[in-house]
Amino acid sequence: MRLEYLVVRAEINELKVGVGVIYNPSGANQLFAQQYEKLLIDLLEFDLDQTYLIGDYNINVASSTPSTNILALNRIHATFDLTVLPTPPTRITETSCTTIDLIVTDHPATIQCSKTATGNTISDHEVIYFVSRLLIHKPPPKRIKVRNFRRVDPQALQIDFQASNLQQIYEAEDVDTKADLLTTTLQSLMQQHAPERTIQVRDQRTPWITAEIEREISTRDIAFALYNRNPNRARGDAQWCDYVRKRDRLKTLIFVAKKRYAEQNFSHQLPAKQLWSNLRRDGIHNNVKKVLPEEAADPNALNRFFTGGHLQLTNQVIPTNQTSSRQEPLPTEHANPRPNTFGFRHTTVQEVATMIFEIQTCATGSDGIPITLIKLLSPTVLPVLVHIFNAIIDAQRFPSGWKKAVVTPIPKKSCPVAREDLAASSFGVPEWSRTPANCCKSVWVQKRIQYQYCIG
């Protein structure tokens with residue numbers, strides 16, 4: 001005999017709920033405790049916030065003489081912090097009255113009622129059900145800082161740039177001062193013509209709604225309001241038929257618009273980069289970004305790790321048993337080596353303009369200046385850029401302000417510093433379970449550690 005079950009995992013915002021249906025073929029199933037424990041252990045892997053199990057356990061929990069399976073069931077529920085909800089008898093016959101259909105949960109406080117429905121003609125079991133109140137925490141609104149370059153007047157922007165003191169950039173002696181002066185000028189102009197403002201990101205999950213569809217929605221609503229205000233209204237009259245006709249037309253328009261939008265944005269003929277960008281934009285792709293914990297987000301440690309990785313390879317000692325007695329041949333020297341003719345030359349306005357307009361990304365560096373601003377300032381800013389680039393070539397030194405980069409590490413695990421080896425300390429409880437790093441672990445993982453310790 002084998003325990004049969006089916007578990008469904010549902011995600012509601014950030015709340016993960018598991019609902020399972022269980023059937024135990026017989027109350028004398030000697031493998032029930034082992035199979036039931038395995039089921040609960042498997043559920044731990046899903047990292048559920050709330051769990052609800054319902055079904056035919058074939059174990060009479062209302063019996064006055066507890067059996068082996070009842071004792072095992074109580075022990076397992078106590079270990080996993082599960083509660084059997086009170087219900088009336090679920091199987092009533094002429095000679096017996098038992099409660100073998102159970103509702104089990106780890107959050108009994110959320111249950112509003114657990115009852116049985118009478119009048120079942122399909123089986124001799126009463127239908128059991130429960131009503132749970134899920135407290136879903138609405139995520140805070142997302143706010144971002146943006147600049148609107150679409151409303152910037154390019155002519156006014158170029159006039160203000162030419163009116164600024166550009167002569168000091170040409171007269172500066174070192175390239176650091178030249179680069180800093182240009183950055184300060186561009187930042188001032190950007191704040192003047194495209195000031196930074198904070199906006200709230202709203203959910204846009206209906207991008208296929210067009211102006212025509214909005215008009216049809218308004219027409220449908222008006223038709224339904226006219227029908228609803230009529231005291232003599234009746235299904236099938238002229239007003240109702242007019243509303244149904246407009247409602248069906250609206251459904252057809254929405255269906256066609258959705259299909260057209262999907263064909264344009266999610267077609268396999270699109271480049272992979274564009275396809276994934278469309279999926280992320282519409283929320284179909286997983287956009288949840290994992291955040292490094294504070295103890296693992298040290299930029300200096302990250303820099304030392306990446307810059308010093310090659311030293312570990314060079315410092316490795318090759319074992320003597322792996323060295324070859326054969327000497328490697330020396331590299332062949334050329335009789336007439338070619339002279340090193342590599343060198344930099346001054347650039348031109350045409351070359352700089354070509355490179356600037358080939359840039360497709362709008363990503364900004366540490367100075368916050370996007371390429372959009374440089375393109376709007378063309379061609380007035382090009383002579384200044386060419387002067388700075390040629391000064392860098394002459395000085396053979398790159399400006400220190402332009403060496404800065406924004407590096408954002410993206411972890412593949414929510415908490416990479418957490419260790420899950422149960423042999424790290426005594427009693428099978430790892431060290432991280434008593435440290436702040438345990439904040440990224442759910443209550444279910446703690447229950448699993450407690451359960452493994454209890455049965456160990």
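Trainee: Where does Ile 369 lie?

Mentor: Ile 369 is found in the loop between H11 and H12. Please note that this is a predicted model, in which local features need pLDDT of at least 70 and side-chain atom pairs count only at pLDDT 80 or more, while totals for chains, interfaces and linings use all residues. Residues are numbered from 1 along each chain as its sequence is written, and side-chain values use heavy atoms, with hydrogens and water left out.

Trainee: Is Ile 369 buried or exposed?

Mentor: A residue is buried under 20% relative accessible area, exposed over 50%, and partly exposed in between, judged with a 1.4 Å probe and protein chains only. Ile 369 counts as buried because its relative accessible area is 12%.

Trainee: Which residues does Ile 369 touch?

Mentor: A contact requires heavy atoms within 4.5 Å. Leaving aside residues up to four places away in sequence, Ile 369 touches Thr 183, Leu 186, Gln 187, Met 190, Thr 364 and Ile 374. With Met 190, the separation is 179 residues in sequence and 8.0 Å in space, C-alpha to C-alpha.

Trainee: Which residues of the largest nonpolar core touch the most other members?

Mentor: A nonpolar core is a set of buried Ala, Val, Leu, Ile, Met, Phe, Trp, Tyr and Cys residues joined through side-chain atoms within 4.5 Å. The largest one here has 29 residues, and Phe 161, Leu 182, Leu 186, Leu 373 and Ile 374 touch the most other members. Two or more residues come from each of helix H3 (154-163), helix H5 (175-193), helix H11 (349-357), helix H12 (371-377) and helix H13 (382-395). H13 contributes the most, with 7 residues. Leu 373 touches Phe 149, Leu 157, Leu 186 and Met 190, not counting residues up to four places away in sequence. Another core, of 20 residues, lies apart from this one and includes Ala 33, Leu 53, Leu 82 and Val 104.

Trainee: At what angle do H3 and H5 pack?

Mentor: Axes are lines fitted to C-alpha atoms, for helices over the stretch in contact, and angles run from 0 to 180 degrees between N-to-C directions. H3 and H5 pack at about 140°, with their axes 11 Å apart. Ala 156, Leu 157, Asp 160 and Phe 161 of H3 meet Leu 182, Thr 185, Leu 186, Leu 189, Gln 192 and His 193 of H5. Ala, Val, Leu, Ile, Met, Phe, Trp, Tyr, Cys and Pro count as nonpolar, Asp, Glu, Lys and Arg as charged, and the others, Gly among them, as polar. The residues of this contact of H3 with H5 divide into 6 nonpolar, 3 polar and 1 charged.

Trainee: Which peptide bond is cis, with omega near 5°?

Mentor: That description belongs to the bond from Ser 378 to Pro 379. Pro 379 lies in the loop between H12 and H13.

Trainee: What is phi of Asn 58, and what is phi of Gln 396?

Mentor: Phi of Asn 58 is near 55°, a positive value in a residue other than glycine. Asn 58 is in the loop between strand S3 (50-56) and helix H2 (68-79), and is partly exposed, with a relative accessible area of 23%. Phi of Gln 396 is likewise positive, near 55°. Gln 396 sits in the loop between H13 and helix H14 (443-455) and counts as exposed, at 74% relative accessibility.

Key. Helices (H or I, at least four residues) and strands (E, at least two) are DSSP runs, numbered from the N terminus.
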